[in-house]
Amino acid sequence: MFMLVQIGAQAQQKSAAGKPKKISPDLFGIFFEDLSYAADGGLYAELIQNRSFEYSQADNREWNPMTAWKYQTDGFGYGTTLQLKLAPVHPNNPHYILLDVQDEGQNGVGIENAGFDGIPVRAGKTYNFSVFLNVISAQSLQVKVALVDRKGKELGSSAFTATEKDWKKYAEQIHINFDDDSAKLVLLIKSKGKVGVDMVSLFPEVTFKHHENGMRADLAQMIADIKPKFMRFPGGCLTHGDGVANIYRWKNTIGPVEQRIEQRNIWNYHQSVGLGYFEYFQFCEDIGAKPVPVLAAGVSCQNSGGTWRIGSTGQKGIPMEEMKAYVQDVLDLIEYANGPVTSTWGAKRATAGHPAPFHLEYLGIGNEDKITGVFEERFRMIYDAVRKAHPEIKIIGTVGPSPDGEDFDKGWKLADQLSVGIVDEHYYEKPQWFLKNTARYDAYNRLRSKVYIGEYASWGNTLFNALSEAVYMTSLERNGDVVRMASYAPLIARIGHTSWNPNLIYFNGNKVFPTVNYYVQQQFATNSGDEYLPGVIKLEGEKTVNDTTTGVSCVRDVATGDVILKIANANNTSVAGAADLSKFEKLPKLAVLTVISGAPEAKNSADNPQTILPKSSVINLRKKWYFTVPAYSLSVVRITAGAADKRK
Ligand code: AHR
């Protein structure tokens, strides 16, 4: 087993100079917000846009129930489409299309969907199609579904007969014969007659972990490869919403997809909520991340109805007479995640296919809200109720949108009064801010609330940005006794639909582009520890832990015994130093060194996705390991405990 005793004179924290220090085992995670088409058109593998005809002007002034759809008749047939709300599939999902085919012509009459910037399909792959139909005419109807290219060439199709004189789900598989990045789906009725059409859906047969209603495999895998310790969801501003009516209500997002209550996204598009709370919990489980749901603190976003970030007075509270029910919704979420299958909400989880609990441990209440009387009153109600009913849940409070200022101070004051376990700090700043503030948490009072940095990023995706974050992250490890969690934000964005930049991962219909910042996050998350070992690494010259361009850390993963060294250098010159490994027992001869380096302005893009990639090599270890790391680099050395034994 590796052992470390106090070494070196460089005390990195006055209170525990030189001694190993327990740090958070959940330090580096991710924050998923349905922003920039992160859910629909993104992680959620559904390929049909506006499958339920619920788009409206409330989402976007240009939108209506036929957005992304077109009437289709290319075989001289004719008929009409009507948008109806009478007798829908489910009252929660009111709109559908009535197709009245008066002459089916040669090819039938129907509708076609453009997907999200086209539907990407691949030859040899199978796609799962489904639709709800309600045959209104006396006779059965012949139905054809096809994927076609822009010129109308058929890429794959299937046919079936619709008979049921009520809403019924029909499911078909479509095998594709040609690649196409922007196919369209065509649904054609090839008989005269009337039929209601709703919930037109197309998924790749293979989704992440093969779940029905699942996630897009490549994007999900890219996220999983970070190996995040936790995932915060479903937002951000999306959570507290654009006005009280737009607050994200988790209960609207579970159950059969055709019965969920869709709604406008605060980021000016539509949420089908096909990726809802069940799917979020399941995805967290799939990627080994602890779920961290965030619920509104009974108030809407302070920017509601106003210009983003001008500080409008749009915060509104849920009326007090409705707060009892809202608080109950919060308690019910805990039961949904953790309750036995015999409980009301645990039973719903089991019905969805997951009788085992989701092991909810953390719960966020509020998102960078303005700390007003309206907020405080509601936050306290929720906080007290959760504490009383579920003392086992770790509540995360909120301290405004900035690293300082009025809401920050008021939020912390409230956290002190209530002894909130963890508070959520947010900051989006220049890279220089991160480099200058590496001592931020050294001075934090260890007796106050712990910190979750729920959102942070330097403004950009260059290597220099990523390194400023890396330098800062070494300071988070050093302060991992007070900083419990941290997540870069935002996580993913669809190219052409970005509401926010920068992001950690960009994607289009069929490709995923990790940024340099992604690789930095991945290095820290995959090389985290639960013990911080101060003083192991020393840099030459005058460099100190508060230096504005470099950061070092040494952590140990107690379970495996692995020790990890990190040296982040945002300097324009190389940096030399030494790691004193003499106190490690059974030091292996070799270790793996991973380096991310390059020109400071370099970045990965859709055109040049591999400009900067981590490079790994095997290095020889000595009791005193001398190193010189390049200018603008992050170096991570993983010393594997098991490797020591194997080499004996
Ligand atoms: O991450 C993007 C947005 O930034 C979040 O929705 C919000 O919490 C913050 O202001």
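I take buried to mean under 20% relative accessible area, and exposed to mean over 50%. The model I am reading is predicted.

**Entry 1: helix H8.** I looked up H8 and found that it runs over residues 406-418, 13 residues in total. From its first C-alpha to its last it reaches 18 Å, close to the 18 Å expected at 1.5 Å a residue.

**Entry 2: its buried residues.** Which residues of H8 are buried? I listed Asp 407, Phe 408, Gly 411, Trp 412, Leu 414, Ala 415 and Leu 418. Looking down the axis of H8, I see these buried residues fall within an arc of 160 degrees, so they line one face of the helix.

**Entry 3: what covers H8.** I checked what lies over the buried residues of H8. The cover includes helix H7 (373-389), along with strands E19 (394-398), E20 (422-429) and E21 (450-458).

**Entry 4: after the helix.** I moved on to Ser 419, which follows H8 and has a positive phi, near 55 degrees.

**Entry 5: the ligand.** I looked up distances from a ligand oxygen atom to a side-chain N or O atom: 2.6 Å for Glu 33, 2.7 Å for Glu 455 and 3.1 Å for Asn 367. Taken alone, the ligand exposes 280 Å², and the protein buries 100% of that.

Methods
Residues numbered from 1 in each chain as written. Predicted model: local features only at pLDDT ≥ 70, side-chain atom pairs only at ≥ 80, totals over all residues. Heavy atoms only, no water. Helix = DSSP H or I, 4+ residues; strand = E, 2+ residues; numbered from the N terminus. Expected span 1.5 Å × (residues − 1). Buried < 20%, exposed > 50% of the residue type's maximum accessible area, 1.4 Å probe, protein only. Arc of directions from axis to C-beta. Contact = heavy atoms within 4.5 Å. Polar contact = N/O pair within 3.5 Å; in protein donor to acceptor, adjacent residues only side chain to side chain. Areas by Shrake-Rupley, 256 points an atom, 1.4 Å probe, with all protein chains shown as cover.
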